[in-house]
Amino acid sequence: MNLDSKNNRTCKKGHHYIKTSDCPTCPICEAERKPKSGLLSLLSAPARRGLESKNIKTVEDLSQYTQEEILSLHGIGPSSLPKLSEELRKNGLSFKENKK
């Protein structure tokens, strides 16, 4: 695989990394930002950023949303839902019900 200089990047903090997509996020910075515990520690960086975009940081925050609302967030995919559902269940909570 021939990687051109466009794929070699350096972030504002000086981390050097190779990225083949247009995503500007530094994977090293994201790894440093990952919480050690709590709801957000269970998720990939894109899913974590999706929840953070709505200021969802705890299971209590998460329980205020329906599954559909969470799935509509950028970075959240179907594989995130089982992890989120399990955390809600462990804490005696659930996703908000859809209005009928």
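**Figure 1. Secondary structure and overall extent of the predicted chain.** The protein chain of this predicted model holds five helices and two strands, where helices (H or I, at least four residues) and strands (E, at least two) are DSSP runs numbered from the N terminus. Read from the N terminus on, the elements follow the order β-β-α-α-α-α-α. The radius of gyration is 16 Å, well over the 13 Å that the globule rule gives for 100 residues, so the chain is more spread out than a compact globule; this radius is taken over C-alpha atoms, and the rule is 2.2 Å times the number of residues to the power 0.38. Along the principal axes, the C-alpha atoms fill a box of roughly 50 × 30 × 20 Å. Because the model is predicted, local features need pLDDT of at least 70 and side-chain atom pairs count only at pLDDT 80 or more, while totals for chains, interfaces and linings use all residues. Residues are numbered from 1 along each chain as its sequence is written, and side-chain values use heavy atoms, with hydrogens and water left out.

**Figure 2. The largest nonpolar core.** This core, a set of buried Ala, Val, Leu, Ile, Met, Phe, Trp, Tyr and Cys residues joined through side-chain atoms within 4.5 Å, has 15 residues, and those with the most contacts inside it are Leu39, Leu51, Ile56, Leu62, Ile70, Leu84 and Phe95. Two or more residues come from each of α2 (45-52), α3 (59-62) and α5 (80-90), and α5 gives the most, with three residues. When residues up to four places away in sequence are not counted, Leu51 touches Leu39, Leu40, Leu43, Ile56, Leu62, Ile70, Leu73, Ile76 and Leu84, a contact being heavy atoms within 4.5 Å.

**Figure 3. Helix α2 and the buried Arg48.** The buried residues of α2 are Ala45, Ala47, Arg48, Gly50 and Leu51, and what covers them includes α1 (27-33), α3, α4 (67-71) and α5. Buried here means under 20% relative accessible area, exposed over 50%, and partly exposed in between, for a 1.4 Å probe and protein chains only. Arg48 lies in this helix and is buried because its relative accessible area is 2%. Not counting residues up to four places away in sequence, Arg48 touches Glu30, Lys34, Pro35, Leu40 and Leu43.

Figure 4. Glu52 is placed in helix α2 and is partly exposed, with a relative accessible area of 28%. Leaving aside neighbours within four places in sequence, Glu52 is in contact with Arg33 and Leu40; the C-alpha atoms of Glu52 and Leu40, 12 residues apart along the chain, are separated by 8.7 Å. Asn55 is found in the loop between α2 and α3, where the residue is partly exposed at a relative accessible area of 49%. Phi of Asn55 is near 60 degrees, a positive value in a residue other than glycine. Most residues other than glycine have a negative phi.

**Figure 5. Glu97 in the segment after α5.** Glu97 has its place in the segment after α5 and, with a relative accessible area of 62%, is exposed. The C-alpha atoms of Glu97 and Leu71 are separated by 14 Å, with the two residues 26 apart along the chain. For the protein chain as a whole, 34% of the 100 residues count as buried.
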